[in-house]
Amino acid sequence: MDQVNTLIKDFGIPKPSKSTILSIGAAISVSYLCWKIIRLIKPPRKLSHIPHISFYCHVKSIIERKPYSQISREFVMPLLISSSTIGYLKPDALGWTLNITNPEATKDFFLKTDIYPKANFKVGKGTLFQNFIGDDNIAFASGGNEWKKHRKLVNPAFHKNMPIKLFTTLTHKVFKVLDDANEKPINATKLLERFTLQAIGLAGFGFDFDAILNPDSEWVTVYANIRAGIADPLYFVFPWLDQKLLWLLPKRQEAHRLSDRFHGMMDGLIEEKRQLLRQQKTKHDQDECADAEKDILTLMLEAELSGEGTLTHEELKSNLNVFFLAGHDTTANALSAAIYHLATHPMIQQKARDEALSILGDDPEDVFPTLQEIKRFKYINQIIKETLRFHAPAINGLPRVVTQDTELAGVFLPKGTPVLVNTYDLHHNPCVWTNPDRFDPARFDKDSDAELRPSMSWVPFYNGQRMCIGMQFSLMEQRVLLSCLLRKYEWRLPDDSKHKDELITGNIGLLVAKDLDVIFKRRY
Ligand code: HEM
């Protein structure tokens, strides 16, 4: 400061008054704020060669709760048609993010994991989300040894677990709900959420949520409250409410207490299963239960015992919670979309039913499909694949951050750029798919020319090293439920359905069908 005073004296500059200093300070603050706002609403200059959607349009459509299909049609598709681009920029949690929509770039993105590692995903300490999910798990690990440690132990469990009998038993419970509805419209979105919740509870860690027949069961309610708390946008935008002001928010404290209760239940289950395995080991018990029907937790503990690696108790629990969160809404959304497409395409529904009947028989009684029978479904598989193309349950995965200046399919990307594959937009890109807005399972007929499309045009589960570990689990769950439903029911939308013209969904993260009511009519 003395030096500044001397300089001012030497150059004969009059000493600034307090108000001048304040004005300069205010000008600097305003300029900084403007710079921040410009950075927020305009993509960085280094990325100006990539098209972008306007900040204003993006935020407005989110606030207006436009379905993602509409946002994609209005703002994204014109960009893809007008310029031969690898994707477009959109504001996201890490700033302006490249959303890839082209198969060649998608392939590079998935295969070059050293250039596109997963961004270090740290959940805010003390938030409800962090309390529930923990932070040391397979999905959040950026890569390298940390991620391998989780995947090594989790892989064999997912490889062995394929609980077809469990899926069928739960499907029969769904039948009970549909029969009780007696051809009145039923909220398929909610019913399928309950089906997949009960399936992941039992198949994941042997816990029965009793969700299908008892929507208000104790643990369904506990979990529903935690989930609503996690999804509350207020706490997403202001995480410090959880972190610093929780003591002022009794309702929020209750959500944290429920999450602790959920953890208590998981702690008990893990301990119980560990003890059971120890006893079986010492007594050399004959293992009666086939691996396929064992829950994932048991299989992970067995993998640990046979030397595949170890996870701490917290890591184990965090992984189970990830399977839980990642494993049921995604599949429920896929199933809701399939039910919707079949309801609005009666001929496709009938063709799929013919296939189910030809393989599972047409006797007027409920059946338990076997793995061999399920493997023979061809058309039903095509329907599942086309549904996952049309309504990819996860619009995109977590972002990766570019580690060095690079070129992605010939397009320059500076170090630090956040990048992800926008599955929905890639699956609707008219430069990749013919008539992308038409539901057409024949695209996936192995004998048609659809198979000639570039690889990585269809990536609902992502691809490469970090591909979804639950893909086979989810596909099997879908095949069992859909084939059994097709055998027993015909279904349609009510005449006044709000989904008549298209399936109305959310627009962030997961494509959830908004209260899809459906009428199911028994065939026997
Ligand atoms: C239709 C159903 C599903 C879809 C569309 C889906 C989609 C995805 C996607 C796109 C990713 C990549 C995320 C990223 O890298 O940022 C992913 C990863 C993952 N999914 Fe799924 N998923 C589904 C079902 C499941 C199920 C049933 C489970 C477990 C029971 C599961 C567990 C996981 C896990 C643990 C990862 C992280 C894998 C890793 O990073 O190594 N998912 N899923």
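Lys15 sits in the loop between helix H1 (2–10) and helix H2 (18–41); helices here are DSSP runs of type H or I with at least four residues, numbered from the N terminus. Lys15 is exposed, because its relative accessible area is 67%, where exposed means over 50%, buried under 20% and partly exposed in between, with a 1.4 Å probe and protein chains only. From the C-alpha atom of Lys15 to that of Leu316, 301 residues apart along the chain, the separation is 65 Å.

Before I continue, some remarks on the source. This is a predicted model, in which local features need pLDDT of at least 70 and side-chain atom pairs count only at pLDDT 80 or more, while totals for chains, interfaces and linings use all residues. Residues are numbered from 1 along each chain as its sequence is written, and side-chain values use heavy atoms, with hydrogens and water left out.

I turn now to the ligand. How many residues surround the ligand? There are 26, and the closest are Trp147, Arg151, Leu398, Arg466 and Cys468; a residue counts as near if one of its heavy atoms lies within 4 Å. By class, this shell holds 16 nonpolar, six polar and four charged residues. Here Ala, Val, Leu, Ile, Met, Phe, Trp, Tyr, Cys and Pro count as nonpolar, Asp, Glu, Lys and Arg as charged, and the others, Gly among them, as polar. Helix H7 (144–160), helix H15 (313–344) and helix H20 (471–488) each supply at least two residues of the shell, and H15 gives the most, with six.

For Arg151, a side-chain N or O atom is 2.7 Å from a ligand oxygen. For Leu398, a backbone N or O atom lies 2.7 Å from a ligand oxygen. For Arg466, the distance from a side-chain N or O atom to a ligand oxygen is 2.9 Å.

Next, His428, in the loop between helix H19 (423–427) and H20. Is His428 buried or exposed? At 3% relative accessibility, His428 counts as buried. Its side chain makes a polar contact with the side chain of Asp437 at 3.1 Å; such a contact is a pair of N or O atoms within 3.5 Å, where, within protein, one must be able to donate a hydrogen and the other to accept it, and residues adjacent in sequence count only if both atoms are side-chain atoms. A polar atom of the His428 side chain also lies 2.9 Å from the backbone oxygen of Phe390.

The model has 29 salt bridges, each a side-chain nitrogen of Lys or Arg within 4 Å of a carboxyl oxygen of Asp or Glu. One of them joins Asp242 and Arg252 at 2.9 Å, N to O. Asp242 lies in helix H12 and Arg252 in helix H13 (residues 250–283), so this pair ties together parts ten residues apart in sequence. Asp242 is buried, with a relative accessible area of 3%, and Arg252 is buried at 6%.

Finally, the surface. Leu234, Phe236, Val237, Phe238 and Trp240 form a nonpolar patch with about 530 Å² of accessible area together. Areas come from the Shrake-Rupley method with a 1.4 Å probe, and for residues only the protein chains shown count as cover. Patch residues have over 30% relative accessible area and no salt bridge; like charges are joined within 9 Å and nonpolar side chains (Val, Leu, Ile, Met, Phe, Trp, Tyr) within 5 Å. Helix H11 (residues 233–237) provides the largest share of the patch, three residues.
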